[in-house]
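Here's a quick briefing to read with the model open in your viewer.

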Amino acid sequence: MRRAALRLCTLSKGLLAPSRGLTQGSQNPEERIFHINEGSPIHVNHVRAKLLEIVGVSTNWRDHVKAMEERKLLSSFLAESQKALPSRRMKDSYTEVLLPLGSQPELREKYLTVQNTVRFGRILEDLDSLGVLICYKHTKIHSAKMSPLSIVTALVDKIDMCKKSLSPEQDIKFSGHVSWVGKTSMEVKMQMFQLHDNEFFPVLSATFVMVARDSENKRPAFVNPLILESPEEEELFRQGELNKGRRVAFSSASLLKMAPTAEERTTIHDMFLSTLDPKTISFRSRVLPPNGVWMESSKLKSLDICHPQERNIFNRIFGGFLMRRAYELGWATACNFGGSRPFIVAVDDIMFQKPVEVGSLLFLSSQVCFTQENYIQVRVHSEVASLQDKEHMTTNVFHFTFMSEKEVPLVFPRTYGESMLYLDGQRHFSSMHSLETLKDYHVEP
């Protein structure tokens, strides 16, 4: 596992290293690797403005209905098939964004934690916006002033950390590009680097899946195919295919569809036996083993009113906002459970099942579902209800892996439902690739 995690950081520096030029026409395949394109990086504050310009919507909430009506006229630019669209290269969508925390101190307060580190929830918002912008660059139609596509985040496949915490006093760079395409979907690989001794070092790797829809955001729309120009790009595309297959397999084996494996059933039964009271011969008399905590006691909940301020360019609630609120509740849950400051290790399998409308009530429920040594696996369930309709509908399920400063208690399920949550948490924890890498980093203040 450690070797895979170290390879992840090496890949970040090799394929998406900032502050270099694109190599073109190299005879050596190992030298034909992906680097920054020409031009200065985009300031992080300008990303949303660029998205608004591309989509052509108003920043004024009162004008959003009129703006969306005008977007209907763009439907004539939509392709009838993927073959009708020109192919694009990976470097065509390559984008770099600068978050100048060091050179522009006035930005720090928005990103600052009380522990003098960078708020990871804000980073999630920036990654979400960058992923959308990258996809708009890949699908750009030069004959149209505005894009006829509505590109939205479908899935956060995974986010792996290479460092425990980030300094709020050093510049950060994001970079990314489209690495795989289907007919109507795109995989985006992004990296984050932080400046240290005048050199940018990798601190995070992220894979998002975005989908394209028509100008009214009602039905799928085709996206440009991808040209592969080097063995490295072929490998990235192959990995995208593997990621798609892994997601299908993981979904097919979901505990909502299939029974646990024989090994998992044994795990749950052994945990159940360890909680039986030895003083009685009864399945109903349960006691916690030493250093154990009942899963039900680890819950935290929150409620948000979804105001227009948090809307995206299509007047739905911004996915980055949802991720930030879920992460912050998950972090509080891990902190409350472990009794010390937790560090984010990984994020995976965040699927956006349903858009959240402006004005909705957002209910978040967070729970520790698996622990091992000083690692805490947290699941955050998101559901919404409108002011008119009290029916609750699930929109997202978030999975966060945290590392505590000290060893944490073992979490024990009491019911069959909690046992399934435990196994699901164990599966997500086992899929992480960055745990051993983080052990090599010292804990920053």
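**The chain at a glance**

The chain has 10 helices and 15 strands. Keep in mind that this is a predicted model. Of the 445 residues in the chain, 54% are buried.

**Contacts along the chain**

- Take the contacts between residues at least 6 apart in sequence: 76% of them join residues at least 24 apart.

**The second largest pocket**

- Helix α5 provides the largest share of the lining, with 7 residues.
- By residue class, the lining of this pocket splits into 21 nonpolar, 8 polar and 12 charged residues.

- H428 sits in helix α9, which spans residues 416-430.
- With a relative accessible area of 1%, H428 falls under the 20% cut-off, so it counts as buried.
- The H428 side chain makes a polar contact with the side chain of D348 at 2.9 Å.
- There's another side-chain polar contact from H428, this time to H399 at 3.3 Å.
- Leaving out residues up to four places away in sequence, H428 touches F250, D348, D349, Q377 and H399.
- Put together, D348 and H399 are on that list of touching residues, and each also has a side-chain polar contact with H428.

**Cysteines and disulfides**

- How many disulfides does a search of the whole structure find? The count is 0.
- C135 has 0% relative accessibility, which is under the 20% limit, so C135 is classed as buried.
- C306 is buried as well, because its relative accessible area of 2% is also under 20%.

How values were computed: Residues numbered from 1 in each chain as written. Predicted model: local features only at pLDDT ≥ 70, side-chain atom pairs only at ≥ 80, totals over all residues. Heavy atoms only, no water. Helix = DSSP H or I, 4+ residues; strand = E, 2+ residues; numbered from the N terminus. Buried < 20%, exposed > 50% of the residue type's maximum accessible area, 1.4 Å probe, protein only. Polar contact = N/O pair within 3.5 Å; in protein donor to acceptor, adjacent residues only side chain to side chain. Contact = heavy atoms within 4.5 Å. Disulfide = S-S within 2.5 Å. Nonpolar A, V, L, I, M, F, W, Y, C, P; charged D, E, K, R; others polar.
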